[in-house]
Amino acid sequence: MKLVKTLFGVLFASALFTVQAIGSTNAVATSSDHSDLWNATVGGGATVQTTGTSDAMAGLNFSLAHKARVVIPSEVGVRQSIGWSNTTDKNVGTWQFNTKLFNDWNLFRIGSVQLLAGGNGGVSYGNRPVAWTVAPEIEGRLWLKKDVYTGVRAEYDFDVSNTGIKAQNSLGVTAFLGFSF
C-alpha cells in the first residue's frame, strides 16, 4: 500500500506540474529556434491484467505532444486510443476509448536512445462504465533519423473515479512510430 501511495504522490506532482505548465506562459520555455517542437505518434497497444482474470485488451493509439521545459525538458500532450477486449463471457466484447493528457520528462538521451518518464490522466469510456484514471508511465525511444523514432511505453493505471484510489491491476504497453516536426 505504501508503494501505491508513493506512486500516486509522484503522479499527482506530475499532474500539478502539467497544469502549471499549461496555465502559465512563464513555466513553459521552448526552444528558441522553433524547430522540431511537436511530436506525433501512432501505435498499437495492449493491456494485460496483472492479477485475477486473464482478460486482455488490444487497440490503436495516437498522440500529439509539444516540447516544453517543465523543470527539465519535457513533452506535454494529449493521447487518444481505441481498444477492444473479449471478456470472460466469450460472446461479449467491450469497446473502450481513452482520452488522456500527459507530461513526460526527458531523463536522458545517449546517441539515438532516449528515456522519458512521467504520468498521464484522463477518462476511459465506451460500452463500459466511465472511469477517470491516472497512471505513471515510462517510455523508451530509438531515433531512426533526426525526425523519426520508434519506441515502447508502459503504464500502470489507477482508477480515481470513486471514493479512493484503486489500482486497475493491469499493465498497458504500447509500441509506436513517432515523428518530430
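At 16% relative accessibility, Asp-157 counts as buried (buried means under 20% relative accessible area, exposed over 50% and partly exposed in between, with a 1.4 Å probe and protein chains only). The model is predicted, so local features need pLDDT of at least 70 and side-chain atom pairs count only at pLDDT 80 or more, while totals for chains, interfaces and linings use all residues. Residues are numbered from 1 along each chain as its sequence is written, and side-chain values use heavy atoms, with hydrogens and water left out.

Asp-157 belongs to strand β7, which spans residues 148–159 (helices, H or I with at least four residues, and strands, E with at least two, are DSSP runs numbered from the N terminus). The side chain of Asp-157 reaches that of Lys-100 through a polar contact of 3.4 Å (a pair of N or O atoms within 3.5 Å; within protein, one must be able to donate a hydrogen and the other to accept it, and residues adjacent in sequence count only if both atoms are side-chain atoms). Once neighbours within four places in sequence are set aside, Asp-157 is in contact with Lys-100, Asn-120, Thr-133, Val-134, Ala-135, Ala-167, Gln-168 and Ser-170, where contact means heavy atoms within 4.5 Å.

The overall fold gives this residue its setting. The chain holds one helix and eight strands, in the order α-β-β-β-β-β-β-β-β from the N terminus on. The eight strands form a closed barrel with antiparallel pairing, running β1-β2-β3-β4-β5-β6-β7-β8 (two strands pair if DSSP finds at least two bridges between them). From one strand to the next the twist averages 25 degrees, with axes fitted as lines to C-alpha atoms, for helices over the stretch in contact, and angles running from 0 to 180 degrees between N-to-C directions. Strand β1 (residues 38–49) and strand β8 (residues 166–180) run antiparallel and are joined by 11 bridges. Val-42, for instance, has Leu-177 as its bridge partner in β8.

Of its 181 residues, 36% count as buried. Among contacts with a separation of 6 or more, 53% come from residues 24 or more positions apart. The chain exposes about 10000 Å², of which carbon and sulfur atoms supply 66%; accessible areas come from the Shrake-Rupley method with a 1.4 Å probe, and for residues only the protein chains shown count as cover.

Side chains of opposite charge can pair when their charged atoms come close. The structure holds seven salt bridges, each a side-chain nitrogen of Lys or Arg within 4 Å of a carboxyl oxygen of Asp or Glu. Lys-100 takes part in one with Glu-155, where the closest N and O atoms are 2.6 Å apart. This pair links distant parts of the chain, with Lys-100 in strand β4 (residues 93–110) and Glu-155 in strand β7, 55 residues apart. Another salt bridge brings Lys-100 together with Asp-157, the closest N and O atoms being 3.4 Å apart. Here too distant parts of the chain are linked, because Lys-100 in strand β4 and Asp-157 in strand β7 are 57 residues apart. Lys-100 has a relative accessible area of 6% and is therefore buried, and Glu-155, at 12%, is buried as well.

A further salt bridge joins the side chains of Glu-139 and Arg-141, at 2.6 Å from N to O. Glu-139 counts as buried because its relative accessibility is 3%, and Arg-141 counts as buried at 4%. Through salt bridges that share partners, Glu-75, Glu-139, Arg-141 and Arg-153 are joined into one network.

Ser-180 lies in strand β8 and, with 5% relative accessibility, counts as buried. Its side chain makes a polar contact of 3.2 Å with the side chain of Asn-39. Leaving out residues up to four places away in sequence, Ser-180 touches Asp-36, Trp-38, Asn-39, Lys-67, Trp-143, Asp-147 and Tyr-149. Thr-51 sits in the loop between β1 and β2 (56–70) and is partly exposed, with a relative accessible area of 45%. The C-alpha atom of Thr-51 is separated by 6.1 Å from that of Asn-169, although the two residues are 118 residues apart along the chain.
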